Each structure stands twice: as C-alpha cells, then as structure tokens.
Amino acid sequence: MNIDATAILSGIAIGAGATLVMDAWNLFLKRVFGIQSLNICLLGRWIAHIPRGIFKHKSIAAAEPKPFECVVGWLAHYSTGVTLAVVFVLLGSGEWLARPTLLPALVYGIVTVVFPFFVVQPSLGLGMASSRTPNPRQARVKSLMTHTVFGVGLYVCALGVSYALPA
C-alpha cells in the first residue's frame, strides 16, 4: 500500500471517528444543558430538495418532507466529516499522520465552521451565521464549539490511527 492509499484510508477512519466525537458532544449538550443540535433529518430534507433545483429555503422545517430524509441527512453528515478529514490528512504531511499534534487539527476544525455559517445555515433559512435564529449568539458559539470539538476529534482519532500504521 502506498502513502496515498494509507492517507486516504487513515482520513476515512479519522473523519468517521471525529464526526462521532462531535455527535457525542452534541448529545452531551442536549442531555446536560438542553441545547438542541441541528436536526440531521432537516439536513437530509435540504439535500433531497437539491436535485429539484431548490438550494435555499425560507424555512427548511416548513419545506416539503422527503422520503428517507433522515438517512440522507446522516449519510451527508458523516460523508462531510470524512471528506473534511481526508482533505486535512492529504494537505498535511505523512509526518503529522505518523505523530499527530493537536494544534493543526484544532485550527482546521475551527476553520471548518465556515461551511455551516456561510453555506448550510443560510440554505436552511437560518440566515448567515444563524442570524435569523431566536438566539444567534448562542447558535454561533455552539457551532464554533462543535467544530472545535471536531478538531479535537481529528487529533484524538489520528492518535489512534497512528498506532495502527506501520512504523
């Protein structure tokens, strides 16, 4: 196996793990503090409307429900986490993959908040950076913290993967 295949397979494992860490964080917020996360089914509804040429909604909650929207949402959620991790691993060096450090993963995780702020949230009718939500500041902080946790997840999962890599 060459380094590219190793990097891609490692990125897939790291991305799935980091997304799972992020989901655990969101579950913690919901159970302990009552802070809701993005409804993954509504993400799926948005994606299911795209083939019909509908990319932006006034309110995704009011949009026509679609078959299998929850399945589509979960697949999209994990596919996005995996894709972001594969890109991160490919942009980085094989050295980082062999000996992960926190700072690059943390910075990358934080930078990925641009996607929900400027693509997903406006497309769902929530406004840019959640500006149309009842509490935009809380929504922004939650998104930022969630993506910070994703970065921590990248690091922690990369540590696990680095033990499995050949020396």
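Guide: Let's take helix α3, and begin with its length: at 1.5 Å a residue, its 23 residues should span 33 Å, and the end C-alpha atoms are 32 Å apart, which agrees. The expected span is 1.5 Å times one less than the number of residues. Helices here are DSSP runs (H or I, at least four residues), numbered from the N terminus. Please keep in mind that this is a predicted model, where local features need pLDDT of at least 70, side-chain atom pairs count only at pLDDT 80 or more, and totals for chains, interfaces and linings use all residues. Residues are numbered from 1 along each chain as its sequence is written, and side-chain values use heavy atoms, leaving out hydrogens and water.

Now look at which parts of α3 are hidden. Its buried residues are Glu69, Gly73, Ala76, His77, Gly81, Val82, Leu84, Ala85, Val86, Phe88 and Val89. Buried means under 20% relative accessible area, exposed over 50%, and partly exposed in between (1.4 Å probe, protein chains only).

Start with Glu69, which is buried because its relative accessible area is 10%. Its side chain meets that of Arg45 in a salt bridge, 2.8 Å from N to O. Glu69 is in helix α3 and Arg45 in helix α2 (residues 40-49), so this pair ties together parts that are 24 residues apart in sequence. Arg45 is buried too, as its relative accessible area is 9%. A salt bridge is a side-chain nitrogen of Lys or Arg within 4 Å of a carboxyl oxygen of Asp or Glu. In general, side chains of opposite charge can pair when their charged atoms come close.

The structure holds 4 salt bridges, so let's visit others. The side chains of Glu64 and Arg52 meet at 3.6 Å, N to O. Both residues sit in the loop between α2 and α3, 12 residues apart, and the pair is counted as linking distant parts of the chain. Arg52 is exposed, with a relative accessible area of 52%, while Glu64 is partly exposed at 46%. Arg99 also forms a salt bridge, with Glu95, and their closest N and O atoms are 2.4 Å apart. At 54% relative accessibility Arg99 counts as exposed, and Glu95, at 45%, counts as partly exposed. Salt bridges that share partners also join Arg52, Glu64 and Lys66 into one network.

Back in α3, follow Phe88 into the largest nonpolar core. Of the 17 residues in this core, Phe88 is among those that touch the most other members, together with Ile14, Trp96, Leu97, Phe150 and Leu154. Helix α3 (69-91) is one of several contributors: α1 (3-33), α4 (94-98), α5 (102-111) and α7 (136-164) likewise each supply at least two residues. The most comes from α7, with 5 residues. Apart from this core lies another, of 8 residues, including Leu42, Leu43, Ile60 and Ala63. A nonpolar core is a set of buried Ala, Val, Leu, Ile, Met, Phe, Trp, Tyr and Cys residues joined through side-chain atoms within 4.5 Å.

Leaving aside neighbours within four places in sequence, Ile14 is in contact with Ala85, Val89, Leu97, Leu154, Cys157, Ala158 and Val161. Contact means heavy atoms within 4.5 Å. In soluble globular proteins, nonpolar side chains tend to be buried together.

Finally, move along to α7. Thr148 lies in this helix and counts as buried at 17% relative accessibility. Beyond its neighbours within four places in sequence, Thr148 is in contact with Leu106 and Ile110. Not counting residues up to four places away, Thr146 touches Met22, Trp25 and Asn26. From Thr146 to Asp23, the gap is 123 residues in sequence and 8.7 Å in space, C-alpha to C-alpha.
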